[in-house]
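Let's take a friendly walk through this structure together. Keep the 3D view open as you read.

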Amino acid sequence: MISQEIDFSPIIEILEDILGDYKMHNDYKGQISFDCPVCSYEIKGLDTGDGKGNLEVNYKYNVYKCWSCSESHDTHGSIYKLIKKYGTPRQLKKYQLLKPEENEDQPKKIYKQVKLPKEFISLSNVSKGLTLLPQYRQVLNYIKKRNITEEIIKKFNIGFCYDGEYANRVIIPSYDEDGKINYFTGRSYLTNVKLKYKNPEAEKEQIIFNEYLINWDNPIYIVEGPFDSIFLDNAIPMLGKKLSEKLSIKLYETAKKIIIVLDGDAWNDAERLYHKLNCGKLMGKVWIVQLPKDKDIADLQGNLNNFKIKQID
Ligand SMILES: [Zn+2]
């Protein structure tokens, strides 16, 4: 199939006619941002845009989303929907003639570059004034209870937020192989909260958590979550019930030995994963550890000495 070169500038023109000047534009990704009309006019009652550029449009994937009000005001969907709501029938008709064909191989969602919350405070670098905060005492209590040592804090640049969207959460950041932030997990250090974990939206299929710390020549532990991974050397958390596509491929191509250690109550999942990985090039290189039903790696502080690392049929 011949890939078709599309001139997107008429689409950008329509978007500018409707939404005003764009704020940012990445023509390689086809991503362009504008002030969100809902945020500016409906929510804030402004006559002009709010200058934030929260509305992101990807004209290659025909989608848009406001990073601020998409959940509360349904400000996301197809560009068709966007133009239908804010444009003229003429603009809509023009857009339909110009828009690229839907391609099943392309992702349906667009993702924002993950950044650490701006309120993030690294626990290995807390200023004197902050140590007086009650939240600092709370986070320290939690860290102690979970047996997270200073060494672990340093190695993983663990921090916390006492303010903002991730307030009262311990944050474990993830950096890619070049040391660039690509994800984080936020675990509440308070009891009785609805959401134990709060994580940023990200294309998890493309993330290997803290890849820069992994030595692919050494045995690699596959564990459930980031809070397990910090207790073992060379461990990668799955960030969900299954391996990401990127991690599966990387393991298949590079791993010399894989050791699966999931929570004690997830033995069936662990077995399934074992059989999924133990084939082809990886045959015979996959091992598994069975933990007691009520235990996870954090409970054991990463000490697996009492458990057999085995292979199964
Ligand atoms: Zn908005």
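The zinc ion is coordinated by the SG atoms of Cys-36, Cys-39, Cys-66 and Cys-69, at 2.2 to 2.3 Å. Donors here are N, O and S atoms within 2.8 Å of the metal (3.2 Å for Na, K and Ca), and water is not among the atoms, so sites may look incomplete. The angles among the four donor atoms run from 104 to 114°, and the site is tetrahedral (four donors with all angles between 85 and 135 degrees). Along the chain, the donors follow the spacing C-x2-C-x26-C-x2-C. Cys-39 sits in helix H2 (residues 37-43) and Cys-69 in the loop between strand S4 (63-66) and helix H3 (70-73), so this pair ties together parts that are 30 residues apart in sequence. Helices (H or I, at least four residues) and strands (E, at least two) are DSSP runs, numbered from the N terminus.

A word on the background: this is a predicted model, where local features need pLDDT of at least 70 and side-chain atom pairs count only at pLDDT 80 or more, while totals for chains, interfaces and linings use all residues. Residues are numbered from 1 along each chain as its sequence is written, and side-chain values use heavy atoms, leaving out hydrogens and water.

Now find Arg-146, in the loop between helix H6 (134-145) and helix H7 (150-156). Its side chain makes a polar contact with the side chain of Tyr-142 (2.8 Å). A polar contact is a pair of N or O atoms within 3.5 Å; within protein, one must be able to donate a hydrogen and the other to accept it, and residues adjacent in sequence count only if both atoms are side-chain atoms.

Definitions and conventions: Tetrahedral: all angles 85-135°; square planar, octahedral: opposite > 155°, others 65-115°.
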